[in-house]
Amino acid sequence: MASQDISPGTDSGKASLLNDPKFRGYLFQILAVLVIAVLGYWIVNNTIENLQRARLATGFGFLDGRAGFDISSSPYLTYSSDSTFAKALLVGILNTLTVAVAGIITATILGFIVGIGRLSHNWLIRKICTVYVEIFRNIPPLLVIFFWYSGVLAVLPQARQSVALPFGTYLNNRGFYVPSLILGEGAWLAGVAFIIAIVAAFFVRRWAHKRQMATGQPFPSNLTAIALIIGLPLLALAIKGFPLTWDYPILGNFNLRGGSQVGPEFISLYLALSFYTASFIAEIVRAGIRGVGKGQTEAAHALGLRAGTTTRLVVVPQAMRIITPPLASQYLNLTKNSSLAIAAGYPDLFAVGGTILNQTGRSLEVVVIFMIVYLSLSVLTSLFMNWYNAKMALVER
């Protein structure tokens, strides 16, 4: 039987190269990048040609134009119809950040309470928490917004019959009225002292942790941090003679005067996003606590710790490494769901941008701004949660 000569570097070399997993991995990645680049070029080029064919102007120069419309809620910037489109968008971004941050804080606190309540040995507490989760988790967030806006806030008394609440606050169908703080000369020093106190509390806590790891002696870092955060600003105000005054709302014959108003649009959106997201966070918390071994609880009880102390100091810290990754997804969902503010008339980024789009016709530019802002908020939230998750992860020795 005649042997066949196989010359090196021909088909066998190609076959061996294609069978190399590392080479195939690089090859497929390069092909994927090329396909995405070609697709992106086609989309951009096609968009430019369509805009030129329709004779539509492009660019972001329209942001310097006069807005010509009012915004009902602008707590951080002085805005009027004579302001620019850019300032209107900035107001919308700040309003979106406000409802997102407030909603995340409230949803986290409420979600942890409900999630722990679902594991309570008390039958009534456990069933109430279960009903809450099953109701809010299975209805659309838009319906929750309508519930708070039309079913709760709209049926409150009118301004002349406002409900008086503690600390000089009032509640009616026009919103929630609270005292407003008026800053006098030199009050900025308290803000500087507050920032210094936060930085000092961070370093004190870090030093106390290292000290305890080295010597085993605890240090009251939490009490020290509270004392710094409260004491330093008060000391700064005392030096300046307490340049602070309060403007309380006063109930008149037909309306309220003075103070600050939190509109029903913000309240309904804030409560809806908080209660809706808290139902999902509650399930995440319950699953995280279930993921901690039962032996940890039994060991804590054997050491004489009570049930509440065991949950707070033993179970929940260990459950956080399970809770944190899905918790980040809920924070992202809450931030993106804030775009439903248009249903309640709250001027967030989406609502303000929609008005600008209708006035200018710059749909492409406005949509690009939407994408950049929401993408930036999501990336920043993800980076923070990834950092926190890395801090909570177990470190193997």
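How many residues stand between E2 and E3 in their hairpin? Two residues stand between these strands. Welcome to a short tour of a predicted model, where local features need pLDDT of at least 70, side-chain atom pairs count only at pLDDT 80 or more, and totals for chains, interfaces and linings use all residues. Residues are numbered from 1 along each chain as its sequence is written, and side-chain values use heavy atoms, with hydrogens and water left out.

**The sheet**

- Four strands make up an open sheet in the order E1-E2-E3-E8, with antiparallel pairing; strands (E, at least two residues) and helices (H or I, at least four) are DSSP runs numbered from the N terminus, and two strands pair if DSSP finds at least two bridges between them.
- Strand E1 (163–165) and strand E8 (260–262) are the edge strands, and each has a single partner strand, so one side of each is left without a neighbour in the sheet.
- From one strand to the next, the twist averages 25 degrees; axes are lines fitted to C-alpha atoms, for helices over the stretch in contact, with angles from 0 to 180 degrees between N-to-C directions.
- E1 runs antiparallel to strand E2 (residues 169–172), joined by three bridges, and Leu165 has Thr169 in E2 as its bridge partner.
- Three bridges also join E2 to strand E3 (residues 175–178), again antiparallel, with Asn172 opposite Gly175 in E3.
- The pairing of E3 with E8 is antiparallel over three bridges, and Val178 has Ser260 in E8 as its bridge partner.

**Aromatic rings**

- There are 14 aromatic pairs in the structure; rings of Phe, Tyr and Trp (its six-membered ring) pair if their centres lie within 6.5 Å, and planes under 30 degrees apart count as stacked, over 60 as edge-to-face and the rest as tilted.
- One of them joins Phe69 and Tyr79, a tilted pair at 6.4 Å centre to centre with 50 degrees between the planes.
- Both Phe69 and Tyr79 sit in the loop between helix H2 (21–53) and helix H3 (85–117), ten residues apart.
- Phe69 is buried at a relative accessible area of 11%, and Tyr79 is buried at 13%; buried means under 20% relative accessible area, exposed over 50% and partly exposed in between (1.4 Å probe, protein chains only).
- Phe202 and Phe203 form an edge-to-face pair, because their ring centres are 5.4 Å apart and their planes stand at 75 degrees.
- Phe203 is partly exposed, at 48% relative accessibility.
- Tyr132, Phe136, Phe147, Trp148 and Phe275 form one aromatic cluster.

**The second largest pocket**

- The second largest pocket has a volume of about 610 Å³; on a 1 Å grid over the protein atoms alone, a pocket is an open set of points with protein on both sides within 12 Å along at least five of seven lines, and lining residues have an atom within 4 Å of a point.
- Its lining has 17 residues, of which Leu119, His121, Ile289, Thr297 and Thr311 are the closest to its centre.
- Helix H8 (264–290), helix H9 (294–302) and helix H10 (307–337) are the elements that give two or more residues to this lining, and H10 gives the most, with five residues.

**Ser378**

- Ser378 lies in helix H12 (residues 363–392) and is buried, with a relative accessible area of 14%.
- Not counting residues up to four places away in sequence, Ser378 touches Leu332 and Lys336, where contact means heavy atoms within 4.5 Å.

Definitions and conventions. 1 Å grid on protein atoms, 1.4 Å probe; cavity = no way out; pocket = protein on both sides within 12 Å on 5 of 7 lines; lining within 4 Å. Points joined across faces, edges and corners; volume = space filled by probe spheres on them.
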